[in-house]
Amino acid sequence: MRATKVRTAVDTAIRIANLRFAYPDGVQALRGVDLTIAAGEKVALVGPNGAGKTTLLLHLNGTLRGKGDIRIMGHLLNGGNMKRVRSQVGLVFENPDDQLFSPTVFDDVAFGPLYMGLSREEVLKRARLALEEVGMTGLDERLPHHLSLGQKKRIAIATVLSMSPTILALDEPFSSLDPSARRELMNLLQTLPQTMIVSTHHIPLIRHLFPRTVVMDDGCIVADGDTEAILADTALLETHGLEVS
Amino acid sequence: MSIGARLIERYEAGSSVVHSTDGRLKLLLTVAYVFTVTLTPVGHWIAFGLLAAPLAVAVAASRLPVLLILRRSALALPFIVVAVPLLFTKEGDALFTLPPFGWTASEEGLLAVLTILTKSWLSVVAVILLTATTPAVELLRAMRALAVPRILVATVSFMYRYLFVIAEEAQRLLRARDCRSAELEDRKCGGGVRWRAGILGHMVGSLFVRSYERGERVYAAMQARGYDGEVRFLEDRPWRLAGIVVAIALALYLVGVEIYARY
């Protein structure tokens, strides 16, 4: 009995139960979200603007604190372990200009490991590795705000990869990218081993990357299941403001 | 509305007489009030009492929480720091001597400090009342109607418009930093104070660069819509007689107090 309990704790990366959240101005952004994601799963989060996708992602590392339970790798998220949880969940914002706040690319990628108190060698190693993983080696000394959007988005991902998270939560990583940058980013995401929850409007990409799709609308999860099955349900997608082609 | 926006926004919605008074009158009266308070002679407590009375009535009429006004009036506190040296530098009857330095406080000095505090506090409360009962847009309109130089009005209006944008940008930067401020189980985290201060410094710098670049973009967008250095506005509302009568009465009262205090 005990053994199975431990197994579920490790196998479940994210477990959210009845999560509700209202913004200070009274907008109810989440109205009771239940979601369980197994370790290693790749999940697409789709839904119209204002559905609550970003709000949900911001809950995964405690940036926003709503009512309800959130367990990350078996640990109930609370005020005390928030910083611990943040080493597990790599959250990447939609706008890389929000994510990148340091003067150089390298500083930004090294911020997480430095904050963790790792040794100099370890920080250097992790930053280099992270930049290599996203294919941005050699840009260390560049100023982030002078790079192309595609480059910025990759570097934003590198800034959390350097923290060796087990879960990646990416908010609209494909928005405003041109087709070739999108394809490159798609290839990158395919190579990453982490558990992934990715919000996107890009239905065609979902098919290639994510076996499971969660549809949100108006603060609720309205569909959750096999990507092919959900994408085949045009009536469902149309009701929630999405297009297949 | 984000937390940043709530920190900056000074207007408190309401429907009191003070709220509905013409913004131009409120602005004029506030400026007149601050001038009168400033011109009142040192240590004339009766005059300060007479000046505080209409302010107290206005605060009560505005139906704003007194606690809110008191909290915001803490803005006057830094004046203490500026005023305190006067206690020791002003010549006069000795009150006490500060042992380690041998500085002597004078009675005249104390009077000066208390006067400065009273004046700054009364002025700050008056301005708080103005900003809490008048929407910023209305204040800008009032400045324009009262022939404040247009370039100044335009500057203030841009500041008001983009302060929120920049505050939110700052908030997002801080959020991004916090998201990556993680701890590991077995080691000391957070880096040194110097390192953290450096990070914050870089963030302020990048915020400045972004604001500057945004300024360029906004200017380009304005030019694209025909901006030629002159900001044009629609005509103003008519003046209402009742408001003018009350304003003149208050102005006369202020002048009366000042004459009484001086002669």
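Predicted model: local features only at pLDDT ≥ 70, side-chain atom pairs only at ≥ 80, totals over all residues.

Me: Why is B:R161 said to lie over the face of B:Y162?

Reply: B:R161 is 4.5 Å from the ring centre of B:Y162. A charge sits over a ring if NZ of Lys or CZ of Arg is within 6 Å of the ring centre and within 35 degrees of the ring normal. Residues count from 1 along each chain as its sequence is written, chains are lettered from A and ligands numbered from 1 in written order, and side-chain values use heavy atoms, without hydrogens or water.

Me: Where does the charged end of B:R24 sit?

Reply: Over the ring of B:W239, 4.0 Å from its centre.

Me: B:R24 is also in a helix contact. What makes α3(B) and α8(B) roughly perpendicular?

Reply: Helix α3 (residues 23–39) and helix α8 (residues 136–145) of chain B pack at about 75 degrees, axes 8 Å apart. Helices here are DSSP runs (H or I, at least four residues; strands are E, at least two), numbered from the N terminus. Axes are lines fitted to C-alpha atoms, for helices over the stretch in contact, and angles run from 0 to 180 degrees between N-to-C directions. Roughly perpendicular means 65 to 115 degrees (under 35 is roughly parallel, over 145 roughly antiparallel, the rest oblique). The two helices are therefore roughly perpendicular.

Me: Which residues make the contact?

Reply: B:G23, B:R24 and B:L27 from α3(B), and B:E138, B:L139, B:A142, B:M143 and B:A145 from α8(B). Contact means heavy atoms within 4.5 Å. These residues divide into 5 nonpolar, 1 polar and 2 charged. Nonpolar covers Ala, Val, Leu, Ile, Met, Phe, Trp, Tyr, Cys and Pro; charged covers Asp, Glu, Lys and Arg; the others, Gly among them, are polar.

Me: How many aromatic pairs are there over all chains?

Reply: The count is 8. Rings of Phe, Tyr and Trp (its six-membered ring) pair if their centres lie within 6.5 Å; planes under 30 degrees apart are stacked, over 60 edge-to-face, the rest tilted.

Me: Why is the pair of A:F111 and B:W195 called stacked?

Reply: The centres are 5.4 Å apart and the planes 25 degrees apart. That angle is under the stacked limit, so the label holds. A:F111 is in helix α5 (residues 105–115) of chain A and B:W195 in helix α10 (residues 193–224) of chain B, so the pair joins two chains.

Me: What makes A:F111 buried and B:W195 partly exposed?

Reply: A:F111 has a relative accessible area of 2%, and B:W195 has 23%. Buried is under 20%, exposed over 50%, partly exposed in between (1.4 Å probe, protein chains only).

Me: Why is the pair of A:Y115 and B:W195 called tilted?

Reply: The planes are 50 degrees apart, with 6.4 Å centre to centre. That angle is neither stacked nor edge-to-face, so tilted it is. This pair also crosses between chains, from α5 of chain A to α10 of chain B. A:Y115 is buried at 9%. A:F101, A:F111, A:Y115 and B:W195 form one aromatic cluster.
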